[in-house]
Amino acid sequence: MITRQRLAAGICALLATLTAGVAFPAGAVADETDSTASPKVELVLDVSGSMSAKDIDGGSRMAAAKQAFNEVLDATPEEVQLGIRTLGANYHGNDRKTGCKDTAQLYPVGTLNRTEAKTAVATLQPTGWTPIGPALLKAADDLDGGDGTRRIVLISDGEDTCQPLDPCEVAREIAAKGIGLTIDTLGLVPDAKTRDQLSCIADATGGTYTSVQHKEELSDRMGQLVDRAADPVVTPVATEGTAQCSSAPTLKSGLYTDREEFGKQRFYRVDVGPGQELRASVSVGADREVNPDYGVLLRAVTVHGREIVRGEGTGNGRTDVISTGLRYPKAESDDDNAPAETVCLQVTNSFSAVSGVKTTPGLPLELTVDVVDAPSKASDVAAFGLGRGWWLLGALVLTGFVAGLLWGWLSRWRLAVWRTN
């Protein structure tokens, strides 16, 4: 009996040692703490009388907004400081001057208490005017200070009713301050004038405009914009592609923005040296109403027009941004003085505008270019999708093999003892 206990203890110790070696590999490094400033987001909600209209999935626009707010508040990242501001929520009268001052901070920008924020939103009822311009000015003040990302998400169903304070001019004024504040706009079943106004507000600050007609779309888009605030801040560089590769601008690694006409193409040049890999991606946004069934094509071609590699994406009208990407590794050269190869990136879109929609300026385009050292050995590549996971797989196989041998030997020994007894 003592011998059997010692043997079992030895097996357990061996398996524990092997398991510890797998779970705690040598050279493990503790996670680094992110010391960047907390991102700030303020959701600005239109609570004017028109929000009582019942044309979103059989319910009112206000009900759809409340549901979206609850879902977004539940999913807001812990590091995001979030606030809520309303417009048209408190004044019930007909005095325009008073109604155009009706904007208030419903929940202050700061660490989010989800229960308090939800309770505040639940009390809202469609009431008054639509002072978008004044609300944006106040929201910019709410987010003033700090070095982190700052973003306003405006949800509205109608055109500003407090002219001459043009909200588009307000957005340009905010952008001119150089404070790095982005305004994204969401339009709930808007007409053409509202769409143009919300698009202008977003364009002025480098934000996005999205037309929303369903509850799920509203929740998803709001969540995406709040999550985006937590991403590292990268300032894109404006560039201007050309219709021919020969005259295209030469780009280094970085993030670039441009405008591309409907159904047209743009060229950009990138130098890729021997032993380097080009990684490129492009996103084209539909910032106005377009016909369904569209696509974007990203090609890497030689200066003579021969295709090297391509990436393509398609859409059917349910998304406002479509993206694709590609990778091109250039082989090493025995010549240390071998020149870099000029690769032409060609971006083509098949968007088409619906009747009556302006086609100028072109669609917003965002291009990411990254030229890195290519993998020098086959073992450095993904290794059938496992990469360094092969080490873990090998350790697990070895552990299982040793455990199987020991268990088989122990079983045979116990059977022999049983027969002897």
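**Disulfides and salt bridges in the predicted model**

At 31% relative accessibility, Glu307 counts as partly exposed (buried means under 20% relative accessible area, exposed over 50%, and partly exposed in between, with a 1.4 Å probe and protein chains only). The side chain of Glu307 meets that of Arg299 in a salt bridge, 2.8 Å from N to O. A salt bridge is defined here as a side-chain nitrogen of Lys or Arg within 4 Å of a carboxyl oxygen of Asp or Glu. Arg299 is buried, with a relative accessible area of 17%. Salt bridges that share partners also join Glu42, Arg85 and Asp142 into one network.

The structure is a predicted model, in which local features need pLDDT of at least 70 and side-chain atom pairs count only at pLDDT 80 or more, while totals for chains, interfaces and linings use all residues. Residues are numbered from 1 along each chain as its sequence is written, and side-chain values use heavy atoms, with hydrogens and water left out.

A search of the whole structure finds 16 salt bridges. Side chains of opposite charge can pair when their charged atoms come close. One of the bridges is formed by Lys118 and Asp74, at 2.5 Å from N to O. This pair links distant parts of the chain. Lys118 lies in helix 4 (residues 114–122) and Asp74 in helix 2 (residues 61–75), 44 residues apart. Helices (H or I, at least four residues) and strands (E, at least two) are DSSP runs, numbered from the N terminus. Both partners are partly exposed: Lys118 has a relative accessibility of 26%, and Asp74 has 46%.

Helix 4 also holds Arg114. The side chain of Arg114 meets that of Glu78 in a salt bridge of 2.9 Å, N to O. Glu78 sits in the loop between helix 2 and strand 2 (81–87), 36 residues from Arg114, and the pair links distant parts of the chain. Arg114 is partly exposed, with a relative accessible area of 22%. Glu78, at 66% relative accessibility, counts as exposed.

In sequence order, the bonded cysteines of the protein chain pair as 1-2, 3-4, 5-6.

Cys100 and Cys162 form a disulfide with their sulfur atoms 2.0 Å apart. The link is left-handed, with -95° about the S-S bond. It connects distant parts of the chain, 62 residues apart. Cys100 is in the loop between helix 3 (96–99) and strand 3 (103–110). Cys162 is in the loop between strand 4 (150–156) and helix 6 (167–176). Both Cys100 and Cys162 are buried.

A disulfide joins Cys168 to Cys200, at 1.6 Å from S to S. The torsion about the S-S bond of Cys168 and Cys200 is about -40°, so this disulfide is left-handed. Cys168 lies in helix 6 and Cys200 in helix 7 (residues 192–204), distant parts of the chain that are 32 residues apart. Cys168 is buried, with a relative accessible area of 5%.

Cys245 and Cys344 are also joined by a disulfide, 1.7 Å from S to S. With -55° about the S-S bond, this link is left-handed. Cys245 is in the loop between strand 7 (237–238) and strand 8 (254–260). Cys344 is in strand 14 (residues 341–349), and the pair links distant parts of the chain, 99 residues apart. Both Cys245 and Cys344 are buried.

Note on methods: Disulfide = S-S within 2.5 Å.
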